[in-house]
Structure formats: C-alpha cells, structure tokens
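User: Please take a close look at one part of this model, the sheet and the helices around it. I would like one connected account that I can follow with the structure open.

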Amino acid sequence: MNWRRIGVLLALAATLVLITVWAQSYYSKKVFHMEGLKYAKYADSGSGSIENRASFGRGEPIYVHTYEDEKRVEIAGEIYEIRAYGKESGHSASYEVSYPDGRTYLVKSFGDRSFLAYDEKGEMMVPGIRISDGSGQLHRLDSEEPRYFPTELAKAADKQFHDPNGSVGFFVLALVMLIYAWCSFRYEAFQRFMFHMSSSNLMIDNPEPSDFYFFMCKAAGIFGMGFSLWIFFSQAL
C-alpha cells in the first residue's frame, strides 16, 4: 500500500469522524420555530432563565423565564406570559398567553406537539399571511393579528413541545446515497463490480460492460449526488 492511498484512507477516516461529531451535536438539539426561524438553546443561566437563538445571528434572541406558576417569554424587551389553563398537564396541557398590550389568548393542545389558538371571543385563530420586507423581517398582512402567534409562544415556553433538530434517518440516507453515487461516478472498479452483480449478467459467460454503460454510471452518479444533497437540505436539516 503506497503513501498516497494511506493518506486518502486517513482523510476519509478523519472526515467520517468529523461528520459523526457534527451529527451527534446537531441532532441532539431540540428546537422550536418563531416567525419562520429555527431556535435552539444557546445558554442556560441556571436560575430558571434560558436564552434561545436562531442560527447565523438572525432574529431576536428569545429568553424563557420559568417561575412557580407561569413562564415568561421575553423578545426584544417585551414580556409574554404563559400560564397553565385547566387541570390538564403534559402533552394535553392548555395555556393562557397574555401579551404586553393586555390581550389574552387560549392555546389548546392538538396532538403531541401541536396547538390550536383561540381569541378572547373563543373563536379559533388561523395564522395569517406573512410577507418579508427584504431584510428578513416578516410582517403580517392583518394588522390586528399579533406579531408572534400564540401557539409559537406556547411552544417556545416549554421544552417538552420542542421538536427534534432535523431527521437523523434522512441524514444517514443522504450520506449513504452520496457515497454510492460518488463511487458510481468516479471509480471504474466499482462500476464493473455493480455490472457483474447485476442479475441479468449472472447467466452470461465473461460479460463486459459497454462504453454506454460507463457513461450511464457517470450520469446516474451525478444525478444521485444531486438527489442526495436535496434530501440532506430539505429533509435532514
């Protein structure tokens, strides 16, 4: 074994270790969404206050303060109070969400990690259309609708309703597909191996792949790498 091959194997091993460390750190997080941004815990003061931030410095930091009978979500200096409503607990819990302007909304659980919101008249609320001003800031078309939807605040306040940070299953699928597609595109030995493993060639004496077969392997490899990246960015993250 020459030094070049040893270097390649070491580089591959180091890459796999880095990917494993990144995946363990990334997929162990729990997240919630606010105004289309994904937030995760950034710092814990140890005294009942947790700071959450979105990636790449986007959005306002969100602070969650826990007290004996309520939680308070602080965004840009404004305080939103979340109190338990009724006797339900856990994933069946309901909450009252009070805004700085005095308005209060009722949030009821819907499934394990979803909520439905009701206004002060008891009518169910549906999130309105949001538009971007070009700087990444979202605004609601309905000026009467609160900027932060009640269900978003309720989920932000309680970590039991936070979601997994992406799908590790789709991450593994994308990684395996990327490796397979790269080998199909790059290595003739792998292309020949797959050719001889084909069931249509098992009954033929000394079959040999054609130039068209090698071309299709490269084309399929390019498509496979693109598809694996699509799976990674759309499903795994």
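Analyst: The account below starts with the chain as a whole, moves to the sheet, and ends with the helices.

This is a predicted model, in which local features need pLDDT of at least 70 and side-chain atom pairs count only at pLDDT 80 or more, while totals for chains, interfaces and linings use all residues. Residues are numbered from 1 along each chain as its sequence is written, and side-chain values use heavy atoms, with hydrogens and water left out.

The protein chain has five helices and 13 strands; helices (H or I, at least four residues) and strands (E, at least two) are DSSP runs, numbered from the N terminus. Of its 237 residues, 30% are buried. Buried means under 20% relative accessible area, exposed over 50%, and partly exposed in between, with a 1.4 Å probe and protein chains only. Contact means heavy atoms within 4.5 Å. Among contacts between residues at least 6 apart in sequence, 39% join residues at least 24 apart.

The sheet is open and holds eleven strands in the order S10-S9-S8-S7-S6-S5-S4-S3-S2-S1-S13, with antiparallel pairing. At its edges stand strand S10 (124–125) and strand S13 (163–164), each with a single partner strand, so one side of each has no neighbour in the sheet. Two strands pair if DSSP finds at least two bridges between them. Strands of a sheet pair through backbone hydrogen bonds, either parallel or antiparallel.

Within the sheet, consider strand S7 (residues 94–98). Four of its five residues are buried, so S7 is largely enclosed by the rest of the structure. Strand S6 (residues 78–85) pairs with S7 in the antiparallel sense over five bridges, and Arg-83 stands opposite Glu-96 in S7. Strand S8 (residues 104–110) also pairs with S7 in the antiparallel sense, over five bridges. Here Tyr-95 is opposite Val-107 in S8, and Ser-94 is opposite Lys-108 in S8. S7 and S8 form a hairpin with five residues between them, and Gly-102 in the turn has a positive phi of about 100°.

Two loops elsewhere between strands hold residues other than glycine with a positive phi. Glu-35, in the loop between strand S1 (30–34) and strand S2 (37–44), has a phi near 55°. Glu-35 is buried, with a relative accessible area of 13%. Phe-56, in the loop between strand S3 (49–54) and strand S4 (62–66), has a phi near 60°. Phe-56 is exposed, with a relative accessible area of 78%.

Next come the helices. Lys-155 lies in helix H2 (residues 150–157) and counts as buried at 17% relative accessibility. Leaving aside neighbours within four places in sequence, Lys-155 is in contact with Arg-113, Phe-115, Phe-161, His-162 and Asp-163.

Helix H3 (residues 168–186) has 19 residues, which at 1.5 Å a residue should span 27 Å; its end C-alpha atoms are 27 Å apart, in agreement. The expected span is 1.5 Å times one less than the number of residues. The buried residues of H3 are Phe-171, Ala-174, Ala-181, Cys-183 and Ser-184. Their cover includes helix H1 (3–27), H4 and helix H5 (211–236).

Two packed helices are described by the angle between their axes and the distance between the axes. The axes of H3 and helix H4 (residues 188–197) come within 6 Å and cross at roughly 105°. That makes H3 roughly perpendicular to H4. Axes are lines fitted to C-alpha atoms, for helices over the stretch in contact, and angles run from 0 to 180 degrees between N-to-C directions; under 35 degrees counts as roughly parallel, over 145 as roughly antiparallel, 65 to 115 as roughly perpendicular and the rest as oblique. On the H3 side, Tyr-180, Cys-183, Ser-184, Phe-185 and Arg-186 meet Glu-188, Phe-190, Gln-191 and Met-194 in H4. By class, this contact has five nonpolar, two polar and two charged residues. Ala, Val, Leu, Ile, Met, Phe, Trp, Tyr, Cys and Pro count as nonpolar, Asp, Glu, Lys and Arg as charged, and the others, Gly among them, as polar.

Phe-232 is found in helix H5 and counts as buried at 18% relative accessibility. Leaving aside neighbours within four places in sequence, Phe-232 is in contact with Trp-22, Phe-171, Ala-174 and Leu-237. The C-alpha atoms of Phe-232 and Leu-175, 57 residues apart along the chain, are separated by 8.1 Å.
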